[in-house]
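Please look over the model below before reading the remarks that accompany it.

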Amino acid sequence: MTVMQQLLDRWVDGETVTLEEFGGPDVVLDAADALIVDDPLSLTEILCEYWEAFGPSQEQAVRTIVAAADADHPDMDAVHDALLVNEAVLPAVADALVNALSDHAQNDGLYGDIATETWTRLAIGDWCSSLEVRGHLRRRAMHVGAAATIHLVRSVGAAVNTWNDKELIEALTVLGSLDEFEADVHFELAMHQLGAACAATNGAIALDGIRATVEHLRITERWDDRVDARAYLTPLEALVRFASGGTVTADDVAEARVRVSEYLIGYHGLHRHWRQGHADVTAGWALLLQLLTDAVGAEDEHWFAPGDVIGAVASLYVAETSIELVARNSDTSPIVQTGVSALVRPRLVAAFSDHPPATGFLDRWLADNAARQETEPVLIGAVESLRAVVFDQGTLRPKDECGPGERRGSALPGTDAATFLADVLRTRRQPTQHEIRLTRRVVADISRIVPSHLMTIRPQVTSLVLGIVQFTSHMLNQPQDARKALPFLGAMVTENGKPVVEDKLRDALCTWLIAASLSADPEPQAVAGGRADIRVTFPEAVFYIEVKRVLTQEDDERASAHYGDQAAQYAVTSAPITFLALLDYGFRNTRLDLETVIWTTPHTLPGVASPYALTGLRIQANVATPSAATRSYRARAPQA
């Protein structure tokens, strides 16, 4: 085996191999012809990872990448994925790539369809004109017959949802006449109808669009393993029922989350598929159901906590702008989506109008949140709009009238969690290469400790670990200045000289995981005879995260020994995989990096023979700013 092959094997296994180890840019380019034949994906990944280093030879590097993308190879679609998500490389190669793939797309068979799919993606991203692509798609779909592949179906479906071309809808319908693609085509048509429903300007049009969507999804669901159809169908059927006067129950929400989790398991790995947008947005529909459940609670016991109801309704009113309900084009402004609000607004207004104290609650919520900088202005605007509509109903009582259990002047619950969730949803991004490699490392460490268990639940563990890694990465970048910090960051002392805010970290981590479309809930009861901090539930497995606060620097080994027994006990009736989140207030001049603050170790409970895989994450809550390190160095420097 050559040295180059050994290095490539390490690269494929996820290890970091420097460009210098490969021999430098010239050596990689000299080996390109052979790699294009044998391993075009690794070649492309290396060029993308170290693109700046190929600057002096950029013309040759561009030719090499395009040749790798144009090669008929089983990894062809993966090569294209690597290129189309790379913001540094794609602008440099786009023109040459379009020229090569538009020619390749004329070929028959699988690789011609893959080239067609990528050419379509480039047009959707505005890297080339769409007219030629749309004409090609129509011709290919109408004449390919039984030789069509899923790549062509996806291409035409994406084009339909992007350009709303009637001739493309006809072409997609033709592909649907093939038994092999009936389910795929009806799913694409469902997404087209759903987009129209979300963009509707009144409730009747929205309801018709959602009903048409449901019919397409029911046809799709007849086929085995169509978890994507079920993930959409469950919340949409509940939404139709709500619009017709029925209720959305906690069971509906639970079922929707299970369906969404099943769907996302196929996507929440380390390789993001370009149509993942369809999967990502199902989390928005599940959240929408939760909002409906909370809002409709205005009819009964939720009036004992009216702030929760008002916050839920406000979030629901702006759901189309704060939650992705349909996949959006990456190259355009978000589609204006008002259909769902138009559909549910009459029911929610009626719920408030039926409770005469509602105006007092609304006024108090507005007064309370107007002074809170963290409350989104769009939420305040939504509540003002709601109050105006309720006022028009003519069923208001005086402002100072209170509802059941409400004292005059009492403070309503805050919206910290809702604001954090909105921030997470707005800034959510795909993982970086560093986060991916760290996730692989953690999952591999868990596998070494409990190999037989991980064999059956690896996708679920990967999903959770990836969420934890991204949360920890996000927290490393957050400011700790008191004016800007999250409530658990910074040297805060609130009770007997000790910070008492680990519950804030628990809520933030739980909210982050929910936004990542995991089914997470805080403080579940009756777990190993106690109460855990966070439970993350999959159909096949349950995991627990214990949250602890430390006031002085405590290394990983000591923290694992100190809290490991408690964390492990929560997993005594599930897979022996558990998690520990440390809120670390030990002061540091400099931050520990992401690799250092996440670790995995075996932990054995007394009297139990088999080990548990305990993964810890450390949130550093009391660290000086980077500029302080420079000042510190200057202070230590000897004086001339």
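The numbered points below treat the chain as a whole, then a helical region, then a group of strands.

1. Basis of the note. This is a predicted model, in which local features need pLDDT of at least 70, side-chain atom pairs count only at pLDDT 80 or more, and totals for chains, interfaces and linings use all residues. Residues are numbered from 1 along each chain as its sequence is written, and side-chain values use heavy atoms, with hydrogens and water left out.

2. Overall make-up. The chain contains 30 helices and six strands; these are DSSP runs (helices H or I, at least four residues; strands E, at least two), numbered from the N terminus. Of its 640 residues, 53% count as buried, where buried means under 20% relative accessible area, exposed over 50% and partly exposed in between (1.4 Å probe, protein chains only).

3. Surface and contacts. Among contacts (heavy atoms within 4.5 Å) between residues at least 6 apart in sequence, 69% join residues at least 24 apart.

4. Helix H7. This helix spans residues 76–84 and is mostly covered, with seven of its nine residues buried. Those residues are Met76, Ala78, Val79, His80, Asp81, Leu83 and Leu84. Their cover includes helices H5 (40–49), H6 (58–70), H8 (90–104) and H9 (110–124).

5. Thr120. Helix H9 also holds Thr120. Why does Thr120 count as buried? Thr120 is classed in this way because its relative accessibility is 0%. Leaving aside residues up to four places away in sequence, Thr120 touches Val133, Leu137, Ser155 and Trp163.

6. Strand E3 (residues 542–550) is mostly covered: seven of its nine residues are buried. E3 pairs with strand E2 (residues 534–537) in the antiparallel sense over four bridges; two strands pair if DSSP finds at least two bridges between them. Four residues lie between E2 and E3 in the hairpin that they form, and Arg535 stands opposite Tyr544 in E3.

7. In which sense do E3 and strand E4 (residues 577–584) pair? The pairing is parallel, over six bridges, and Phe579 in E4 is the bridge partner of Ile545. Together with helix H28 (residues 556–569), E3 and E4 make a right-handed β-α-β unit. Right-handed here means that, with the strands pointing away from the viewer, the path from the first strand over the helix to the second runs clockwise.
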